[in-house]
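Here is a short briefing on one protein chain. Keep the sequence and the 3D view open as you read.

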Amino acid sequence: MLCEEFAHIIEGEFEMSMMGELTLFLGPQIKQSPNGIFISQTKYTKELIKKFGMENAKSMGTPMSPTTMLEEDKNGKSMDETMYRVMIGSLLYLTANRLYTMFSVCKCARFQSAPKESHLTAVKHIIRYLIGATELGLRYAHSNNFVLKSFSDADFAGDRIDR
């Protein structure tokens with residue numbers, strides 16, 4: 001049966017029944033318009049903020065302060081590893097549509113084996129940023145002239161742990 005369906009697709013005879021416009025796919029919300037597609041994780045972000053009890057926290061303007069230097073912090077107060085890992089995992093799921101949080105989340109993820117209070121503070125900072133950025137997402141304009149641009153600000157020796 002599957003081979004027959006595949007053959008119809010190749011031959012251009014495949015007919016798809018429309019059950020409506022795609023609005024949700026494996027978590028992210030999808031909004032389609034004549035101008036393009038907007039993909040966001042607004043619902044998941046709001047649930048994440050509520051899950052960690054931060055719905056009344058003040059929002060932050062950036063995912064991580066540029067001056068934040070996370071280190072092993074051997075003398076710092078130890079935190080619950082399981083909860084820290086759950087927070088990191090939840091934030092990593094968000095990075096699929098929120099690429100600008102990737103650096104901050106990955107920087108915090110390095111300390112999952114022995115998280116300290118300073119690491120938890122950085123993770124909470126990221127979540128506080130999300131409070132003010134719940135509606136952000138990726139917009140793909142309907143265009144034949146698509147040009148992908150990327151920017152990087154590399155600091156190869158700024159990391160004290162692995163330089």
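A disulfide needs the pair of sulfur atoms within 2.5 Å. Bear in mind that this is a predicted model.

**The chain as a whole**
- The chain has five helices and three strands.
- Along the sequence, these elements follow the pattern α-β-β-α-α-α-α-β.
- The chain holds 163 residues, and buried residues make up 28% of them.
- Its accessible surface comes to about 11,800 Å². Carbon and sulfur atoms account for 57% of that surface.
- Take the contacts between residues at least 6 apart in sequence: 79% of them join residues at least 24 apart.

**The cysteines**
- The structure holds zero disulfides.
- Cys 106 is in no disulfide, and the nearest cysteine sulfur belongs to Cys 108.
- Is Cys 108 buried or exposed? Cys 108 has 0% relative accessibility, so it counts as buried.
- Cys 106 has a relative accessible area of 32%, so it is partly exposed.

**Helix 4 and its partners**
- Helix 4 spans residues 102–109.
- Its buried residues are Ser 104, Val 105, Lys 107, Cys 108 and Ala 109.
- Which helices do the buried residues of helix 4 pack against? They pack against helix 3 (81–94) and helix 5 (117–131).
- In an α-helix there are 3.6 residues a turn, so residues three or four places apart point the same way.

**A buried lysine without a salt bridge**
- Lys 116 sits in the loop between helix 4 and helix 5.
- Lys 116 is buried, yet it has no salt bridge.
- How far away is the nearest side chain of opposite charge? That side chain is Asp 73, at 7.2 Å.
- Beyond its neighbours within four places in sequence, Lys 116 is in contact with several residues, including Glu 72, Asp 73, Lys 74 and Gly 76. Lys 77, Ser 78 and Met 79 are also among these contacts.

**A nonpolar patch on the surface**
- Ile 37, Tyr 140, Phe 146 and Leu 148 form a nonpolar patch on the surface.
- Together they have about 450 Å² of accessible area.
- Leu 148 belongs to the segment after strand 3 (137–141).
- Leu 148 counts as exposed because its relative accessibility is 71%.

- Pro 34 lies in the loop between strand 1 (29–33) and strand 2 (36–40).
- With 77% relative accessibility, Pro 34 counts as exposed.
- Pro 34 and His 142 are 108 residues apart in sequence. In space, their C-alpha atoms are 7.3 Å apart.
- Lys 43 is part of helix 2 (residues 42–51).
- Lys 43 is exposed, at a relative accessible area of 52%. The cut-off for exposed is over 50%.
- Lys 43 and Gly 27 are 16 residues apart along the chain, and 8.5 Å separates their C-alpha atoms.

Note on methods. Residues are numbered from 1 along each chain as its sequence is written. This is a predicted model: local features need pLDDT of at least 70, side-chain atom pairs count only at pLDDT 80 or more; totals for chains, interfaces and linings use all residues. Side-chain values use heavy atoms; hydrogens and water are left out. Patches are made of residues with over 30% relative accessible area and no salt bridge: like charges are joined within 9 Å, nonpolar side chains (Val, Leu, Ile, Met, Phe, Trp, Tyr) within 5 Å. Accessible areas come from the Shrake-Rupley method with a 1.4 Å probe; for residues, only the protein chains shown count as cover. A salt bridge is a side-chain nitrogen of Lys or Arg within 4 Å of a carboxyl oxygen of Asp or Glu. Helices (H or I, at least four residues) and strands (E, at least two) are DSSP runs, numbered from the N terminus. Buried means under 20% relative accessible area, exposed over 50%, partly exposed in between (1.4 Å probe, protein chains only). Contact means heavy atoms within 4.5 Å. Lys and Arg count as positive and Asp and Glu as negative; His and the chain ends are not counted.
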